[in-house]
Amino acid sequence: MKIGINPQFIATLPSRLVRFIRNIPWYISSSARTAIRFLTFFCVLLFFSLDRLFALFNRVPVLKVVLQKLQPIWNKSFKPLYIKAMDWLETLRPFKVKRNYLIYIAYQNLNVRRGRSVITILGMSIGVGIIVFLLSLGYGIEKLVISQVASLDELRIVDVTSGENSKASLTRDAVRKMKTIKDVENTIPMVSVVGRLDYKNAKTDILVYGVPAQFFQAAQPELVKGSYFAQTGDGLSEKAEGQVAGEQDELQRRTYNRPKNSYSVRFSPLPTQVVPVWKECNIDSELLGVTLRQESDLEGREWYGGEYAPLTPYGRLAYDQARKQYLGEWIKAEIPLYKQDQPEASVAAMLNNRGVQEWAQGCVQRKNVQITESLPIIEDVLGESTGSAELEEATNGGELDPLSADLADARVSTGAGGLETVFLQTDTTTETQQAVLPFKKKVSGDAVISTGLLNLLGVSTNQATKENFKVSFIIIKSLMPSVDGRILTEEVTYNIIGVVRDDESQFIYVPLDDITSLGTTNYSQVKLILKDENVMGAVRTRVETLGYKTASTADTVEQIESFFVNIRGVLGFLGFIALGVASLGMFNTLTVSLLERTREIGGMKTMGMVSGEIQELFLAEAMIMGLLGGSGGLLLGFVVGKLASYVVSIFAIAQGVGYLELTYIPSSLVFFIIICSFVVGLVTGLYPAYRAQRISALNALRYE
């Protein structure tokens, strides 16, 4: 069934609307008709203003040629519509004299007293110009601040963290689930760790961010030298929990409950650490007690036993094919025993029946001890040879495992910009030595650093891309749940390939694949790239229901906007004071004009003009001055704002900052000023127009 609109209905719609307005019930007719009356008056006045503006442009030689060419198009296409619109607006009022004619008479009256009218309009323009300048200054500074805080793309980014008190970890599965949320375009996982940087034997702790290459496209840090790394891995590839893909194939095949080699070793528990002692080399066996560091070293054998956390490098060192079981490295020896009733309780020596320190054959985990010396070959247990395996050195170059007593607890916090920060909190009560965590594959060797770190190292920006440094990372339990506290990785070398501008912070960007190759399973932070900034609220609510904490640059922008709303309110109030003073001048002009034209009013009434038409004539004069004052104020505020921007920019350019646009006039402000100017003119002219309407024709003719 085809549905159409009756052309006759369209043709009779204006007359129907007029009858409807005239038949409005009495209890709302007064207010409704007054509103419609002034609204149509505003429309007619705008049409008249455009007509006068067109006549003004037609006097300019260059514009006159252009307008003459456009004249046929106007006469053929738009002028008939203009005439119909004006005629329709006139049908909404009961008077006979057309408003267009009344406005023309008012315009001519203002021209008769041109000097006084110009001064009045100029005063109105100054008042409006002050408002425009102050409000545009508020808008401009707000826009300038927001442009420094965030780009348009950053307003589509949501930063997701687990939160300090949240148990929800940012695992690979969690990130994949976030990617499926409606209106999420992409997810960018990140890892924040503490790095121990060594540059030409100068050592310092530094922040390290493991990021994929797409992070730079989203965050858009300012690159001042070199380039970003091109590695595209996002760390979301399928890997076994706690290990790198293919790890089982790389593990040595060994036999459970057998010595690792034919050497015996001297060892000591790590300083100030309470080391558990098991009856067998397996965490499921009986716990005999604990042991501490002694004045002299202990002697024992490196042994293959059950796996334990952290899985690397000693907790999962080999694989028993027959038992289908991963093997960890243990030390089996005769060990002095202590007892500890609670984890944080004091430790007391375990005594036998004779009151002497008790020793027992037991096993301790290799991660908790420091090997100090290898001993000559001894006869193998049960007369079986374990082969000619070489002694596995404790550290590079055969030196001792470096003490990590100065390692600090790594904590995570989120800054105002949404960037995850890892900082150190030194524990003065305990000193802990950590095993060295190796990389499962060769690192990329590419790093991007901040200008703040360059300044700290004393390296110039131009020289930066020719330098390299060594760094090791501190991996904490929140990133690798199998880690007991924290663990230090092996030291690797990175070349500086790029420098980003950030003079206040010292940090390094490395490829995310380098960090995940250590076996990390969790992330510190995830950036969600949204399809549209308008859906941010819904997406954040969805993510927060999963137990995560969200933040966005949009929060900062919202705070800035809220602050500047108050600032603009104060500036607008000051501007309206100036506008109020200018309105008094307009009121005075209209009142004086009324007194001067009293006899003229009497003459017009005698010729047949009704009181309502007299009132509209004076209102037209007031509203013309209001609109001209508003238009002049917009122009004045715009010019003053540009001059202020130029003056400030002269000093800014001299300081190397560049041009600063201090003012900004949005289209909504232009519309507001035009409406406000019309209302001010209307309110100012109401009383003189009312008095003109009430004047008796006979008394007006007698007035001297």
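Predicted model: local features only at pLDDT ≥ 70, side-chain atom pairs only at ≥ 80, totals over all residues.
**Helix α13**
- Within α13, which spans residues 536–545, the buried positions are Met-536, Val-539, Arg-540 and Val-543. Viewed down the helix axis, these buried residues fall within an arc of 95°, so they line one face of the helix.
- Ala-538 and Thr-545 are exposed, and they sit on the face of α13 that is turned away from its buried side.
- Just after α13, Gly-547 adopts a positive phi of about 100°.

**Nonpolar cores**
- The largest nonpolar core has 52 residues, of which Val-160, Phe-469, Phe-473, Ile-475, Tyr-494, Ile-508 and Leu-528 touch the most other members.
- Leaving aside neighbours within four places in sequence, Leu-528 is in contact with residues that include Val-158, Val-160, Met-178, Val-184, Val-539 and Val-543.
- Another core lies apart from the largest one and holds 46 residues, among them Leu-45, Met-609, Phe-618 and Met-623.

**Cavities**
- Residues lining the largest cavity include Asn-109, Arg-113, Arg-116, Thr-589, Arg-597, Glu-621 and Met-625. Two or more lining residues come from each of α4 (99–112), α5 (114–149), α14 (553–596) and α16 (611–654), with α14 giving the largest share, three residues.
- By type, the lining of the largest cavity divides into three nonpolar, four polar and four charged residues.

Methods. Residues numbered from 1 in each chain as written. Heavy atoms only, no water. 1 Å grid on protein atoms, 1.4 Å probe; cavity = no way out; pocket = protein on both sides within 12 Å on 5 of 7 lines; lining within 4 Å. Helix = DSSP H or I, 4+ residues; strand = E, 2+ residues; numbered from the N terminus. Nonpolar A, V, L, I, M, F, W, Y, C, P; charged D, E, K, R; others polar. Core = buried A, V, L, I, M, F, W, Y, C linked by side-chain atoms within 4.5 Å. Buried < 20%, exposed > 50% of the residue type's maximum accessible area, 1.4 Å probe, protein only. Contact = heavy atoms within 4.5 Å. Arc of directions from axis to C-beta.
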